[in-house]
Amino acid sequence: MVVAVLEEMRIRSLGVIDDAVVELSPGFTAVTGETGAGKTMVVTSLGLLLGGRADPALVRIGARAAVVEGRIALPAGAPAAVRAEEAGAELDEGALLISRTVSAEGRSRAHVGGRSVPVGLLGELSDDLVAVHGQTDQQGLLRPARQRQALDRYAGAAVTLPLEKYASAYQRLRAAATELAELTTRARERAQEADLLRFGLEEIAAVEPLPGEDAELAAEAERLGHAEALASAAALAHAALAGNPEDPEGVDANTLVGSAHRALEGVRAHDAALGALAERIGELQILLADVAGDLAGYADDLDADPLRLAAVEDRRAALTQLTRKYGHSTDEVLAWSEQGAARLAELEGDDDRIEELTAERDGLRVELAGLAQALTDARTEAAARFASAVTSELASLAMPHARVSFDVRQNEDADGIEVGGRRVAYGSSGVDEVELLLAPHPGAQPRAIAKGASGGELSRVMLAVEVVFAGSDPVPTYLFDEVDAGVGGKAAVEVGRRLAKLAKSAQVVVVTHLPQVAAFADRQLLVEKTNDGSVTRSGVTVLEGEDRIRELSRMLAGQEDSQTARAHAEELLASARADV
């Protein structure tokens, strides 16, 4: 079966590396070199390619940016290839080109298949491509929370499905509990708000304002306040248009226009233009008569009652009291009244809501308890299988008598949920505290690996965990950084043998300082510094034949030319090849 393979990485201006190319191949690749030569930068580079955090401190001093480029061969239809193409990337002859740039100022850019992409896409692709196990991962797995995550990952759907249901119920419970707490703790504030709303609504109801009433009353008050002046002006205008009965000799507009119309009427037949003017004068005479009639009617209808004016002003004063508090106009006051009534109904319904929320909370706690029990059962069953698998792996890592187990327990909490007849603490991931235990030899009491494992034992336990993951949740490439820390002698040989076995079904890259591990590699890369302390392109080389013997001799005795070390290196390499 064709799988994805990380073929090559180019690293520029990253840490101690100036410019280097790391050529990888399928199978087992060991990366070796003196301490401080830059071996760990290989892991760091791959981490950047996989969407890891960009630290500007990694940029080489004097450089503008660090750049890491990778070439990954992908089979057609691979999930990572499909996801990359969905993002607009193009494959180059069956390979995906990935690059990551980190500037000295901290800015980060990513490109996949020649397309600029969000850095988050690199993380999505890495899930299907590479598993990185570095020194920080080893320390992280000492924490119980990470151990629970490891167990859940191993269990797969048996845990993830009930965990999804539990998480959904947990979020609903938190929402109900939060709202209930807010309602109960703010009871006094809500009562004060309700009193203010009632007062305002009663005050508005007592006045009973109408839409647009304030504007209408303002216009009426203006008219009533100037009634005499308005009546006098209307009378004068009417007299000017239609004449004054008390002054029969006076000349008015209607009489003058009538005279003009009569003057043209007799001769209009002789000229069309003059006839048109006569028509217009006739229309003007009709309009003057209409306006004069309206003025007479206006004067007759004008109400100059001082009692009505007083009533209008009193009403306006009452409306002003409302508009000072609840809005700039009666329309806004009515809108406030509507909103206030709705809010008051909501506040007055809080008691009913509290009862509903209390019932909902209690029901969700019961539901959550059932889901938590199912989650605990699934974890307990998976823990036995996981522990057995890791124990079997330890037997092949020179720890034949070691036993690994999981302690899946719950902590009692009076405010928790009732599971299995006990009230226990609960959280977003269930009620279980998970801890990985190790009994390194018969008769030893199982202890937490953070307390009961030596450095070498811890490294092998972590390797065993990764190998078990490789069987249950495989990825094409595994990269281990110092997975053999604290290991030596026969145990180191067994670690190398197990990594070689894993490399039969996946690509394995190991940064190591142990010759026993490097001897099992299909390919060995040497990282070495130049005189100025930088690593250049020629500083990362593939070791073959005599060069590999010299490097293994250095790793064994610190002396490349020691005949004893060379003989040991040749024997070690031959033994590893025969074993594989």
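Me: How do the residues lining the second largest cavity divide into nonpolar, polar and charged?
Reply: Seven are nonpolar, one is polar and none is charged. Keep in mind that this is a predicted model.

Me: Which residues are they?
Reply: Ala4, Val5, Leu6, Ile72, Leu129, Val130, Pro476 and Thr477 line the second largest cavity. Its volume is about 40 Å³.

Me: How many cavities of 30 Å³ or more are there?
Reply: Two. The largest cavity has a volume of about 40 Å³. Its lining includes Leu141, Phe386 and Val465. By class, that lining has six nonpolar residues, one polar and no charged.

Me: Switching to the sheet. What is the strand order?
Reply: β2-β1-β4-β5-β6-β7, six strands in an open sheet with antiparallel pairing. β2 (17–23) and β7 (115–117) each have a single partner strand, so one side of each has no neighbour in the sheet. On average, neighbouring strands are turned by 15° against each other, direction ignored.

Me: And which helix packs on the sheet?
Reply: Helix α1, residues 39–49. It touches β1, β2, β4 and β5. The direction of α1 makes about 105° with that of β1.

Me: How many bridges join β5 and β6?
Reply: Five, in the antiparallel sense, between residues 95–103 and residues 108–112. Serine 99 stands opposite histidine 111 in β6.

Me: Where is confidence lowest in the protein chain?
Reply: In helix α4, residues 135–140, with a mean of 64. Strand β11, residues 422–424, is highest at 93. The mean pLDDT of the chain is 84, and 95% of its residues reach 70 or more.

Conventions: Residues numbered from 1 in each chain as written. Predicted model: local features only at pLDDT ≥ 70, side-chain atom pairs only at ≥ 80, totals over all residues. Heavy atoms only, no water. Pairing = 2+ DSSP bridges. Helix = DSSP H or I, 4+ residues; strand = E, 2+ residues; numbered from the N terminus. Axes fitted to C-alpha atoms, helices over the stretch in contact; angles between N-to-C directions. Contact = heavy atoms within 4.5 Å. pLDDT = per-residue confidence, 0-100. 1 Å grid on protein atoms, 1.4 Å probe; cavity = no way out; pocket = protein on both sides within 12 Å on 5 of 7 lines; lining within 4 Å. Points joined across faces, edges and corners; volume = space filled by probe spheres on them. Nonpolar A, V, L, I, M, F, W, Y, C, P; charged D, E, K, R; others polar.
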